[in-house]
Amino acid sequence: MRKNILISCVIMLICTGCLGGKSVGPDYLRVGNAAQERGRSCVKASTARPVLVVKRFRSLPSLDRETVMVADGAVLRPRFEWSWEGTPSEIFDLAAGPVLSCMNNYRVVAPYRPGLARDLQLSGTVLSFEVQKDGGPVFEAAIRFTLWDRAGGRSLAVKSISVSVPIDTMSASGVGAAADEAVLKLLGKASAWIDSLGGKMLLLEERR
């Protein structure tokens, strides 16, 4: 009898948690809308331009997660109530194509597909993608870009690009808006850098 009562109590507690309990999940922050809009509004390079393929981005291990990271100086901690819709590298995978396609000197294909004819390759490693409380709050993002020859075996140029965007309010919407702007600004700087090289990289490739 006591055993039956105990079982009934356990079932009631479980049901109370399932039906009446409050389940708190993370707020998901969507980033990349500004990049998509930029891609729709710019004039694309002609198909006669050299082809630059964008390889899938990578992240440092501590950033290879969907949870938003918050830094206080040099210390990073996850903010579990906020999550991106993908990892930082996945966010840049989706945003890079639209923004980089606005370049004047190259036709951009993103993401990279094996066997595709190309003249140059571009890779990127996400070094920073977090809220910085020290001196902020601001949203900081940084990527180390590498331009490769068409085979992807020889590095032609390397550049680290970083941006910092003020956060209006330390809320999900405030952080999401700042991250969205940071992604657009960072990729815009990368686009300007690659475009400024003009045909220099192609000459290096031809002299290989």
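# Helix packing around α3 in a predicted model

In this predicted model, Ile91, Phe92, Ala95, Ala96, Val99 and Leu100 of helix α3 are in contact (heavy atoms within 4.5 Å) with Val183, Leu184, Leu186, Leu187, Gly188, Ala190 and Ser191 of helix α4. By class, this contact of α3 with α4 holds eleven nonpolar, two polar and no charged residues; Ala, Val, Leu, Ile, Met, Phe, Trp, Tyr, Cys and Pro count as nonpolar, Asp, Glu, Lys and Arg as charged, and the others, Gly among them, as polar. Residues are numbered from 1 along each chain as its sequence is written. Because the model is predicted, local features need pLDDT of at least 70 and side-chain atom pairs count only at pLDDT 80 or more, while totals for chains, interfaces and linings use all residues; side-chain values use heavy atoms, with hydrogens and water left out.

**Helix pairs**

- Two packed helices are described by the angle between their axes and the distance between the axes.
- The axes of α3 and helix α4 (residues 172–196) come within 10 Å and cross at roughly 50°; axes are lines fitted to C-alpha atoms, for helices over the stretch in contact, and angles run from 0 to 180 degrees between N-to-C directions.
- That angle makes α3 oblique to α4, given that angles under 35 degrees count as roughly parallel, over 145 as roughly antiparallel, 65 to 115 as roughly perpendicular and the rest as oblique.
- α3 passes α4 in a right-handed crossing; a crossing is left-handed if the near helix is turned anticlockwise from the far one by less than a right angle, and right-handed if clockwise.
- For helix α2 (residues 33–41) and helix α3 (residues 88–100), the axes come within 7 Å and cross at roughly 25°, which means that α2 is roughly parallel to α3.
- The crossing of α2 past α3 is left-handed.
- Ala35, Gln36 and Gly39 in α2 meet Leu94, Ala95, Pro98 and Val99 in α3; the residues of this contact divide into five nonpolar, two polar and no charged.

**Aromatic pair**

- Phe57 and Phe92 form a tilted aromatic pair, 5.7 Å centre to centre with 35° between the planes; rings of Phe, Tyr and Trp (its six-membered ring) pair if their centres lie within 6.5 Å, and planes under 30 degrees apart count as stacked, over 60 as edge-to-face and the rest as tilted.
- Phe57 lies in the loop between β2 (51–54) and β3 (58–59) and Phe92 in helix α3, so the pair ties together parts 35 residues apart in sequence.

**Cis peptide bonds**

- A cis peptide bond joins Ala110 and Pro111, with omega about 0°; Pro111 is in the loop between β6 (107–109) and β7 (120–132).
- The peptide bond from Gly136 to Pro137 is also cis, with omega near 10°, and Pro137 is in the loop between β7 and β8.

**Confidence**

- The mean pLDDT (the predictor's confidence in each residue, from 0 to 100) of the chain is 85, and 82% of its residues reach 70 or more.
- Over residues 9–23 pLDDT stays under 50.
- Where pLDDT is low, the predicted coordinates should not be read in detail.

Definitions and conventions: Helices (H or I, at least four residues) and strands (E, at least two) are DSSP runs, numbered from the N terminus.
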